[in-house]
Amino acid sequence: MYKFVNQHKFSEDEIEFLVLVISQVSELDQKFKQYIVYKSDFAKKIDFKNFLSRPLEIEENDSFFITNWFTSIEFVNELYKISLSQKLMPYLIELKKNYEINELKELISQGKSKKITQVNKKNLTFQNNNEDIIIDTRRVVNYFDQERKKIQKNYIRREFKNIDGEYLLRKHLKETGRTPKMFNEAIRWLFSNNPKASFHRQNIMNIGKLIEHFNVLEHQAMYSKEAIEFNEETQIWVNIYRKQGMPEDEILEKLREAGYIS
């Protein structure tokens, strides 16, 4: 058990900055990895000289150490590259695991000398505690990044408001009951040589967009592979919906709701 003790009050933009960095931290991160935050996410300019000078105290059992939130911040065009202390990383990973984004903001915003948090207080409300699901989700995100880098060498993952891709995908799977395997199939089609896939790739730049356009991608993936053949009754409904002018992604949802496809 340990505690963060924040000695300074942060502005709203500074809190947002801290949370965006913490949301990207993963236990699989390599040493000296830099985290990316975009300047466009903030209405006001942050005073980083003042920001970096604010110490953070971490108490653990009968000992404590004092450090900074970041070791350095590099300014590159429209983004910031943030480096974190390796000593601080395990604590930030636990914060991310145990608290939602809004909870983190509330905890960090507490005033001088107040305890920010005690780890293991609460699990994320949407996080599935099944380790296999967490690992499979991570594989989906890594697979997407890997394929993206093949066509865009300088690709940097940028999610909605920079919230980490694994966070977004786990939340989505929890809310919809979908599986990582379903997203793997959609990604495989998205980066195939299919001309339609090339068209969709122009609009799908991150995991957030992948989730948003999943219905269309899954439908295209099924038909491009001919992996699923509708039975006679299902095909009748498909034909009816098409005559009504219903888009293909909505047809797929209708079939799923009726139990014709899983």
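Which residues make a nonpolar surface patch of about 250 Å²? Hi everyone, that is where I'd like to start. The patch is made by Ile-236, Trp-237 and Ile-240. Patches here take residues with over 30% relative accessible area and no salt bridge, joining like charges within 9 Å and nonpolar side chains (Val, Leu, Ile, Met, Phe, Trp, Tyr) within 5 Å. A salt bridge is a side-chain nitrogen of Lys or Arg within 4 Å of a carboxyl oxygen of Asp or Glu, and areas come from Shrake-Rupley with a 1.4 Å probe, with only the protein chains shown counting as cover for residues.

A quick word on the source: this is a predicted model, where local features need pLDDT of at least 70, side-chain atom pairs count only at pLDDT 80 or more, and totals for chains, interfaces and linings use all residues. Numbering runs from 1 along each chain as its sequence is written, and side-chain values use heavy atoms, leaving out hydrogens and water.

Back to Ile-236: this residue sits in helix H11, residues 232-243. Helices (H or I, at least four residues) and strands (E, at least two) are DSSP runs numbered from the N terminus. Ile-236 is partly exposed, at 45% relative accessible area; buried means under 20%, exposed over 50%, and partly exposed in between (1.4 Å probe, protein chains only).

Now helix H4, residues 101-108. Its buried residues are Ile-101, Glu-103, Leu-104, Leu-107 and Ile-108. Down the axis of H4 they fall within an arc of 160 degrees, so they line one face of the helix; the arc uses directions from the helix axis to the C-beta atoms. Asn-102 and Glu-106 are exposed on the other side of H4.

Finally, the whole chain has 12 helices and seven strands, and buried residues make up 47% of its 262 residues.
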